[in-house]
Amino acid sequence: MAISEGGLLTDEIRQKVWPKLLNVNTSDPPPISGKNLRQGSKDYQQVLLDVRRSLRRFPPGMPEKQREGLQEELIDIILLILERNPQLHYYQGYHDIVVTFLLVVGEKLTPSLVEKLSTHHLRDFMDPTMDNTKHILNYLMPIIDQVNPELHDFMQSAEVGTIFALSWLITWFGHVLSDFRHVVRLYDFFLACHPLMPIYFAAVIVLYREQEVLDCDCDMASVHHLLSQIPQDLPYETLISRAGDLFVQFPPSELAREASAQQQAEKTAASTFKDFELASAQQRPDAVLRQRFRGLLRPEERTKDVLTKPRTNRFVKLAVMGLTVALGAAALAVVKSALEWAPKFQLQLFP
């Protein structure tokens, strides 16, 4: 449901499904700290400033008193997670993710869900440095290159880089989309998929805007200005579908060498998902043949092949990869057998 058209549809359903996607036991919330977290936290002042600036993240028309109460809860939840996980480092934009969970699942469930998310999907963003975040961004151009070499070469010539997509990635688009319905729809999708799926979605946004980009002056300022202003009327369901297609056809294991060549990094969040790596590494025989055949196609034919691939196999694979997070390696072994996947290939995600 989370990856299919429309997503989970209502917050009532999300309150039941998001914990399952994150494998969180909702009957065992994290203990409340007995400390005065605001007084003892080195991050309190920055969190306070960011939360105070988050007015537009709350529904229009929400009574001021209610909104202020939610902002206070938001501060306390962030500080609690940081206090319980000293290896995590706060970054500006983290509050955009936490507030989304707070508005959807409420104060009781948010600490458990966001803590799990922070130690898995968001783990690289919460390192002391941005090295791993930059490395994840380095997947963007290889994805674009696979689908549209002309657009890729134009962006490379413009030297625009990938920093325009930074806020997209680290907030799961929560900071840049004004319609909350679109934000939670993307969260449905990302929670059910591989941790690198947000960068695939960023790539399909750029690909969707191909003509706008190519019409720009080929310089960094012009292209960066265009891409940093994300349209609010995107065809979200179409782009979600395309992102899933691209992930299945060009899994991270195939793109890792090119991404790593741009920036060396020891580990990304994907490397903590061993089951995901295994799923990405294994292809059914017909998929391998399709990949070999696609390599012989002209670029325009390759693009058509990627964007019009039948949906059935993609949904099966994405669902398998999403369920793997919750169910673990044993479930993956069962599903692999049921789908008659090929024998295990050795995956080396980062050389």
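E159 is exposed, with a relative accessible area of 65%. In this predicted model, E159 sits in the loop between α9 (149-158) and α10 (166-170). Its phi is near 55 degrees, a positive value in a residue other than glycine. Most residues other than glycine have a negative phi.

L9 also has a positive phi, of about 75 degrees, and L9 is not a glycine. L9 belongs to the segment before α1. At 62% relative accessibility, L9 counts as exposed, because the cut-off for that word is over 50%.

## The overall build

The protein has 20 helices and 0 strands. It has 351 residues, and buried residues make up 54% of them.

Contacts reach across the sequence. Take the contacts with a separation of 6 or more: residues 24 or more positions apart account for 80% of these.

## How α1 meets α5

Two packed helices are described by the angle between their axes and the distance between the axes. Helix α1 covers residues 11-21, and it packs against α5 at an angle of about 115 degrees. The axes of α1 and α5 are 9 Å apart. That angle makes α1 roughly perpendicular to α5, because 65 to 115 degrees counts as roughly perpendicular.

Which residues of α1 and α5 meet? From α1 come D11, R14, Q15 and W18. From α5 come F101, L103, V104 and V105.

## D96, a buried residue of α5

D96 is in helix α5, which runs over residues 94-105. Is D96 buried or exposed? At 2% relative accessibility, D96 counts as buried, because buried means under 20%.

The side chain of D96 makes a polar contact with the side chain of H175, at 3.2 Å. Set aside the neighbours within four places in sequence, and D96 is in contact with R57, T171, H175 and Y187. One of these, Y187, is among the buried residues of α11.

## Helix α11

Helix α11 spans residues 180-191, a run of 12 residues.

How many of the 12 residues of α11 are buried? The count is 9, so α11 is largely enclosed by the rest of the structure. The buried residues are V183, V184, R185, L186, Y187, D188, F189, F190 and L191.

F189 is found in helix α11. F189 is buried, with a relative accessible area of 0%.

F189 and I240 are 51 residues apart in sequence. In space, F189 and I240 are 7.7 Å apart, C-alpha to C-alpha.

An unreviewed UniProt entry places the feature "transmembrane region" at residues 189-208 and 318-339. In the model, the span 189-208 is 75% helix and 0% strand. The end C-alpha atoms of residues 189-208 lie 19 Å apart.

Key. Residues numbered from 1 in each chain as written. Predicted model: local features only at pLDDT ≥ 70, side-chain atom pairs only at ≥ 80, totals over all residues. Heavy atoms only, no water. Helix = DSSP H or I, 4+ residues; strand = E, 2+ residues; numbered from the N terminus. Expected span 1.5 Å × (residues − 1). Buried < 20%, exposed > 50% of the residue type's maximum accessible area, 1.4 Å probe, protein only. Polar contact = N/O pair within 3.5 Å; in protein donor to acceptor, adjacent residues only side chain to side chain. Contact = heavy atoms within 4.5 Å. UniProt positions renumbered as here; feature names shortened; annotations may be inferred. Axes fitted to C-alpha atoms, helices over the stretch in contact; angles between N-to-C directions. Parallel < 35°, antiparallel > 145°, perpendicular 65-115°, else oblique.
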